Amino acid sequence: MKVQINPGLCQGHGRCYDLAPGLFRDDDEGYGQVLSDGAVPPEAERDARLAALNCPERAVELLEER
Amino acid sequence: MAVDDRFAFQAQETGEDEVPGTRSEIITGPVTDWATDFSHLEPEWSADPYPIQDDLRQRCPIARTERFGGAWLPTRYEDVAAIAYDTEHFSSRSIILSNFRPPRELAPIGGSPPISSDPPFHHEARKLLLPAFTKKTVARCEPATRAFCHSLIDSLAGRDVVDAAHDYAQHIPVRVIADMLGFPPEDGPQFREFVEDLLEGINLPPDDRIERVSRLFDYLLAQVHDHLDRPRDDLTTYLINAELYGRKLDPSVVTGAMALLLIAGIDTSWSAIGASLWHLAKTPGDRERLVAEPGLLPTAMEEFLRVYAPVTMARLVKQDLHWHGVDMKAEDWILLSFPAANRDPAQFDQAGEVVIDREVNRHAAFGLGIHRCVGSHLARMELRVALEVWLERIPAFALDDPGGVTWSAGQIRGPRTLPLRIG
């Protein structure tokens, strides 16, 4: 699984870095940023889903690999 | 140092001249039908707006009123979101619905940028404020906020019944925002009056309201001068020195932004803290669970924000338009109810229930789109710390007199009298 943030939608609510601080951080204006390359280790998949499901702007996207 | 002559004018230089804008007839009194005559200023709405909103969402999802010179009230999440995102058709020129519409030329800046601004100015003005309100920046205020909350609880010692809205919740955002702006903490009671002047009393004669607003701006201008004389590390000095498009800000932008931070930062957080305590006081199961599981508080807090969202915004329709089945006219108001959106069953399971362990909670308490509340990280910090300290110090409490709870009128909703038995 990978995560990404659509910067055109993100408004800096910060739900992603609140709920999944291992995957996201904020920039100097509070907008969400993906840490590293966005690869989600298996133990962090639940956090990634929570971040995506709680983003008010639907800016957090999950890319699931099979 | 050169004198900063941007602020050399007198605040009351408009004198007795009539402020330009459009005034509409003030209509008050009981609502005949909420679908065609709604008013968020009537006591029935203040006491409990949710059954009204739920009923409208079913039978007339975009309600109308001829009061305030004409306004619409969408109650579905989908419609509220669509308007929040559509800055092309809906202006933020005035975000408090009243009987006075400021002149159209006020756009795109508006009276209190950036909340009152439209693109493209909005983006630049907002960019100035964002760094001061990130989660990291506001975390620096947390130790002082926590200590202040403890001192408020200390001051309740020996009392069996306290007013949690008046004696606790209201003081927290007042102190925090005064510290951030660098205003004297002893001016706190005055801020309360400014907030009431702007956010309540909407149906007072417009010229009365303008007079009250000018009192606020007189105060802000005095603070600007004090900061020009004695610059310090706070938001006021920051705004005085900030540059936009390579130039220092117009004085009206500086004081407008200060007004916004002062007004928007107080009633809102006060309401959120008070409503959360009100819920816990009347719901022993939730209170006991949060005392036993403090780690659940961040999740529970989001649910309180969803179900008791304090903030409703307003927009003005830019041009006549047919929108989602209704014919809107230019200059019609939109009452943009995030609280109504947050209780739409099409968006939330058990929308009318308070589920303190709700894990998926895509609520809109802080708005949606470009006007997302700039203070949301500060508000969340204040709410979390206020509830943590209260639950730690006063784990057992209950409503003393359920009938004695009163709620604010207008677009910011929260308890203003909250008698709790704590001893």
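Which strands make up the open sheet of three strands in chain B, and in what order? The order is S6-S16-S13, and the pairing is antiparallel. The model is predicted. Chain B also holds an open sheet of five strands, and the largest nonpolar core has 113 residues.

- Strand S6 (161-163) and strand S13 (398-399) of chain B are the edge strands, and each pairs on one side only.
- Two bridges join S13(B) to strand S16 (residues 419-421) of chain B, in the antiparallel sense.
- Ala398(B) has Arg421(B) as its bridge partner in S16(B).

**Five-stranded sheet**
- The strand order of the open five-stranded sheet in chain B is S2-S3-S12-S9-S4, and the pairing is mixed.
- Strands S2 (62-65) and S4 (90-91) of chain B each have a single partner strand, so one side of each has no neighbour in the sheet.
- S2(B) runs antiparallel to strand S3 (residues 71-74) of chain B, and four bridges join them.
- Within this pair, Pro74(B) of S3(B) stands opposite Ile62(B).
- Helix H4 (residues 77-85) of chain B packs on the sheet and touches S2, S3, S4, strand S9 (312-317) and strand S12 (333-337) of chain B.
- The direction of H4(B) makes about 120° with that of S12(B).

**Nonpolar cores**
- In the largest nonpolar core, of 113 residues, those with the most contacts inside it are Val80(B), Leu262(B), Ile334(B) and Ala386(B).
- Helix H13(B) gives the most to this core, with 19 residues.
- Beyond its neighbours within four places in sequence, Ile334(B) is in contact with Ala71(B), Trp72(B), Ile83(B), Phe90(B), Ala314(B), Arg315(B) and Val317(B).
- Another core, of 17 residues, lies apart from the largest one and includes Val3(A), Cys10(A), Ala48(A) and Cys55(A).

**Helix H9 of chain B**
- Helix H9 (residues 171-181) of chain B is largely enclosed by the rest of the structure, because ten of its eleven residues are buried.
- The buried residues of H9(B) are His171(B), Ile172(B), Pro173(B), Val174(B), Arg175(B), Val176(B), Ile177(B), Ala178(B), Met180(B) and Leu181(B).
- The cover over these buried residues includes helix H7 (142-154), helix H8 (164-169), helix H10 (188-199), helix H12 (235-241), helix H13 (251-282) and H17 of chain B.

**Packing of H15 and H17 in chain B**
- Helix H15 (residues 297-307) of chain B packs against H17(B) at an angle of about 115°, and their axes are 10 Å apart.
- The crossing of these two helices, H15(B) and H17(B), is right-handed.
- On the H15(B) side the contact is made by Leu297(B), Pro298(B) and Met301(B), and on the H17(B) side by Leu383(B), Arg384(B), Leu387(B) and Glu388(B).
- Five residues of the contact of H15(B) with H17(B) are nonpolar, none is polar and two are charged.

**Contact between chains A and B**
- Chain B gives 20 residues to the contact and chain A gives 14 residues.
- On the side of chain B that touches chain A, the elements giving two or more residues are helix H6 (135-139) and helix H17 (376-393) of chain B.
- The residues on that side of chain B divide into eight nonpolar, six polar and six charged.

Notes: Residues are numbered from 1 along each chain as its sequence is written. Chains are lettered from A and ligands numbered from 1 in the order in which they are written. This is a predicted model: local features need pLDDT of at least 70, side-chain atom pairs count only at pLDDT 80 or more; totals for chains, interfaces and linings use all residues. Two strands pair if DSSP finds at least two bridges between them. Two residues are in contact if their C-beta atoms, placed from the backbone, lie within 7 Å. Axes are lines fitted to C-alpha atoms, for helices over the stretch in contact, and angles run from 0 to 180 degrees between N-to-C directions. Ala, Val, Leu, Ile, Met, Phe, Trp, Tyr, Cys and Pro count as nonpolar, Asp, Glu, Lys and Arg as charged, and the others, Gly among them, as polar. A residue is buried if 20 or more other C-beta atoms lie within 10 Å of its own, exposed if 12 or fewer, and partly exposed in between; C-beta atoms are placed from the backbone. A nonpolar core is a set of buried Ala, Val, Leu, Ile, Met, Phe, Trp, Tyr and Cys residues joined through C-beta atoms within 7 Å. A crossing is left-handed if the near helix is turned anticlockwise from the far one by less than a right angle, and right-handed if clockwise.
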